[in-house]
Amino acid sequence: MSSSSRNDNNCHSSSVDEETLIQMLVQFEKRLNQGFNHELQDLILKSKLFSELESVLCNSEHTTQVREQVAFAIAELIRFNKDVFVGQVLMGQTIRALLSMSSPSSLKVLCSLIKSIKSPLVDEIESNGDIFDIIKLLKSNELCIRVMAMNCVLEIGYFGRKEAIEAMLMKGDLIRILVELQRGELGGDLIEVGKWEEEESGGVEVLGRRESVRERRYLESHPFASCVARFAVQLEVGEGLRQRERRALKQYILKRVREACVSDAEAATIVAEVLWGSSP
């Protein structure tokens with residue numbers, strides 16, 4: 001057999017192996033999604049499956065598709081039993097691997113993990129300096145990555161403690177970046193479509209207030225609309241800050257908005273949204 005034929009066979013075998021692995025991971029996720037089971041958990045722990053999954057996730061020699069499927073499996077493991085598996089996420093390299101991939105799917109998993117693990121994971125992200133990598137992704141050339149990074153920023157805003165929020169605002173220059181995103185063609189002002197109006201019929205409950213159908217449709221085509229105020233609301237209603245910290249950080253946000261805006265009209269609009277969108 002010629003060397004080219006052997007190479008072709010190896011490539012085909014590798015492709016088949018990856019397809020098989022992906023199917024196995026999908027089936028594993030479906031089984032986890034059926035609910036908690038002691039026998040299954042014992043099997044996972046004895047086989048050290050989490051370490052195996054994390055090893056694949058961190059190995060750049062595997063295809064992005066395989067690594068993303070592994071990331072989804074890890075997220076499903078956390079939902080399966082957060083108390084048992086969360087420690088392995090916090091002590092391992094999962095978060096760093098997800099950020100190094102920086103794909104829409106890996107950021108979606110990161111967002112999911114922040115929601116599941118909450119403040120302890122945000123603390124870990126902040127202590128490792130990974131917050132700045134997330135903020136950098138807001139400047140990505142790929143829209144889907146910018147959107148997913150924005151989702152991560154909003155979740156960090158909700159669950160983050162003072163140190164994490166200050167890192168975003170003061171070292172990461174987050175408000176300036178959000179103002180620029182809001183100024184762009186995919187931004188805009190939700191105040192124009194009734195974001196801060198009283199409850200409307202046909203809406204859904206979001207962050208303790210009624211989100212109108214009109215607003216949700218606008219956000220689908222303008223994902224960075226009113227992103228400064230949306231971030232401020234996360235701090236206001238979130239779990240990570242004390243009341244006095246919320247007040248101080250809100251004043252800092254307003255100050256940075258005025259510095260980042262290019263006109264008095266722009267500053268007035270964003271300031272109004274921040275003030276009306278969260279309690280004074």
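Salt bridges are the subject of this tour, and the structure, which is a predicted model, holds 13 of them.

Begin by selecting Arg 161 and Asp 123, whose closest N and O atoms lie 2.8 Å apart in a salt bridge. This pair links distant parts of the chain, since Arg 161 sits in the loop between α10 (143-159) and α11 (162-171) while Asp 123 belongs to helix α8 (residues 119-127), the two being 38 residues apart. With the surface displayed, Arg 161 is partly exposed at a relative accessible area of 35%, and Asp 123 is also classed as partly exposed, at 27% relative accessibility.

Next, move to helix α12 (residues 174-183), where Arg 176 and Glu 180 are both found, four residues apart, or about one turn of the helix. The two side chains form a salt bridge in which the closest N and O atoms are 2.8 Å apart. Arg 176 has a relative accessible area of 27% and is partly exposed, and Glu 180, at 38%, likewise counts as partly exposed.

Finally, select Arg 242 and Glu 245, whose side chains meet in a salt bridge with an N to O distance of 3.3 Å.

Terms used. Residues are numbered from 1 along each chain as its sequence is written. This is a predicted model: local features need pLDDT of at least 70, side-chain atom pairs count only at pLDDT 80 or more; totals for chains, interfaces and linings use all residues. Side-chain values use heavy atoms; hydrogens and water are left out. A salt bridge is a side-chain nitrogen of Lys or Arg within 4 Å of a carboxyl oxygen of Asp or Glu. Buried means under 20% relative accessible area, exposed over 50%, partly exposed in between (1.4 Å probe, protein chains only).
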